[in-house]
Amino acid sequence: MDTLRIGPLRFPETPFLEIAEGEWQAMTDALEQATFELQSFARDREGGASVAVVSSAATARAIDGCALDAVAGAFLTTVAQVAAVELKARGITVNVLVPARPPDEETLSSVAELLASEAARGVTGAVIAADGGFSVTKEVGGKPPVTQG
Amino acid sequence: VSLEGKVALVTGAARERGIGRGIALALAEKGCDILVNDVGAEDEGEELAEQIRQGGRGALFHQADVTDRAAVDEMVATAVRELGRLDVVCSNAGVADWQELVDVTQESFRRQVDVNLTGAFNVCQSSARVLVAQGEGGRIVVTSSVHVQMAFPAMSVYGGTKQGLRALVEHMAIELAPHRITANHIGPGWVRSYINDASPALQTDEDVATTLTLIPAGHPAEPEDMGNAVAYLASDEAAYVTGEFLRVDGGFVVGKY
């Protein structure tokens with residue numbers, strides 16, 4: 001099975017009001033590179049391939065100060081889902097992994113491997129939390145609505 | 001709702017049959033003075049500003065490219081200088097293109113990302129800095145799309161830019177809330193607007209009939225429908241609504257995402 005892994009793309013944790021033009025530009029440049037990497041991979045293949053696009057924890061649910069990561073992950077999520085629809089007939093699956101913050105590489109690679117297995121041929125266009133449960137309680141960052149007592 | 005005494009800036013607002021024009025007219029109708037922005041369409045922009053002035057509100061047309069940060073900063077400063085203040089910011093300018101991912105050109109990618117995403121960032125950040133300094137709260141309303149909730153083939157890049165706006169709005173909402181500035185986005189479905197003239201799904205009468213079957217309301221929206229939704233989000237009544245998505249699609253994506 002041919003596989004491609006894109007992301008997670010990581011950018012500075014700059015508050016929205018303070019993001020510099022250059023920081024924003026670097027983020028969109030990275031999106032361009034990622035999008036055309038996916039395009040190039042898809043063009044070269046006819047079936048039996050699996051793409052895992054890693055978004056950001058802040059894409060799924062906002063985390064104060066993480067706008068750049070969130071926007072990049074959001075963009076790639078939709079690109080991946082549309083690609084999943086367009087590439088289905090060619091047997092290429094495209095899925096989105098939502099990482100913890102910070103991303104846990106071991107979890108990401110093992111879930112990507114799972115998605116590239118024969119058993120996961122029917123899984124495409126899915127957004128899957130590969131974060132050890134981070135998204136449930138958002139242990140780091142944000143302001144989780146924890147009920148006390 | 002009343003927006004009496006408020007000043008709004010609307011980008012991508014000059015052209016006939018455009019969502020931006022619908023927003024500008026609805027806000028003016030509710031009492032706003034308006035800075036009408038567009039990258040081109042100067043005649044239409046001047047005509048719209050005149051129409052708003054005839055209705056008794058202040059208005060001016062300001063040509064600027066939202067992808068040019070210096071030009072955006074100058075536009076925001078012009079709104080404050082010429083209309084006295086700034087209350088409502090409508091980041092609406094956008095472009096669309098239809099290509100499958102394997103066929104997307106670098107030019108098409110750059111144009112959509114630069115205008116839809118970077119343009120909105122420029123407008124929102126430049127304006128937010130002014131609103132924060134002004135210290136009286138404010139409203140940011142971004143035109144996103146039903147693409148935020150539903151993927152459309154041949155529109156990966158366009159959909160990506162709109163999903164990116166969704167994430168941007170949510171982060172603006174968190175950060176700007178202490179300044180009493182709300183940030184929300186509206187989700188047009190099929191609007192009778194010039195941008196949809198190029199949609200492959202709307203080229204023939206048969207296409208139109210097929211697309212209509214997907215819309216429970218049975219007809220496309222008018223640009224003014226978007227304007228009325230924006231007017232609510234821009235109002236004092238919506239002071240506690242932030243980080244939210246208001247879909248205005250006649251039920252189009254209900255049950256489809």
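Let me start with strand S5 of chain B, which is covered on both faces: B:Gly138, B:Ile140 and B:Val142 on one side, and B:Arg139, B:Val141 and B:Thr143 on the other, are all buried. Buried here means under 20% relative accessible area, with exposed over 50% and partly exposed in between, using a 1.4 Å probe and protein chains only.

Two notes on the source. This is a predicted model, where local features need pLDDT of at least 70 and side-chain atom pairs count only at pLDDT 80 or more, while totals for chains, interfaces and linings use all residues. Residues are numbered from 1 along each chain as its sequence is written, chains are lettered from A in the order in which they are written, and side-chain values use heavy atoms, leaving out hydrogens and water.

Back to S5(B), residues 138-143. Six of its six residues are buried, so the strand is largely enclosed by the rest of the structure.

Now its partners; two strands pair if DSSP finds at least two bridges between them. S4(B), residues 88-91, pairs with S5(B) in the parallel sense over four bridges. Opposite B:Val142 of S5(B) stands B:Ser91. From S4(B) the chain crosses through helix H4(B), residues 106-134, to S5(B), in a right-handed β-α-β crossover. Right-handed means that, with the strands pointing away from the viewer, the path from the first strand over the helix to the second runs clockwise.

S5(B) also runs parallel to S6(B), residues 181-188, and six bridges join them. There, B:Val141 has B:Asn184 as its bridge partner. The crossover from S5(B) to S6(B) goes through helix H5(B), residues 156-176, and is right-handed.

Next, the interface. Contact, meaning heavy atoms within 4.5 Å, takes in 41 residues from chain B and 38 residues from chain A. The two chains bury about 3400 Å² between them, 68% of it on carbon and sulfur atoms. That is the accessible area (1.4 Å probe) that two parts lose on being put together, summed over both.

Which residues meet in a salt bridge? A:Asp29 and B:Arg110 do, through their side chains, at 3.2 Å, N to O. The rule, a side-chain nitrogen of Lys or Arg within 4 Å of a carboxyl oxygen of Asp or Glu, finds two salt bridges across this interface.

H4 and H5 of chain B each supply at least two residues of the side that touches chain A. The largest share of that side, 16 residues, comes from H5(B).
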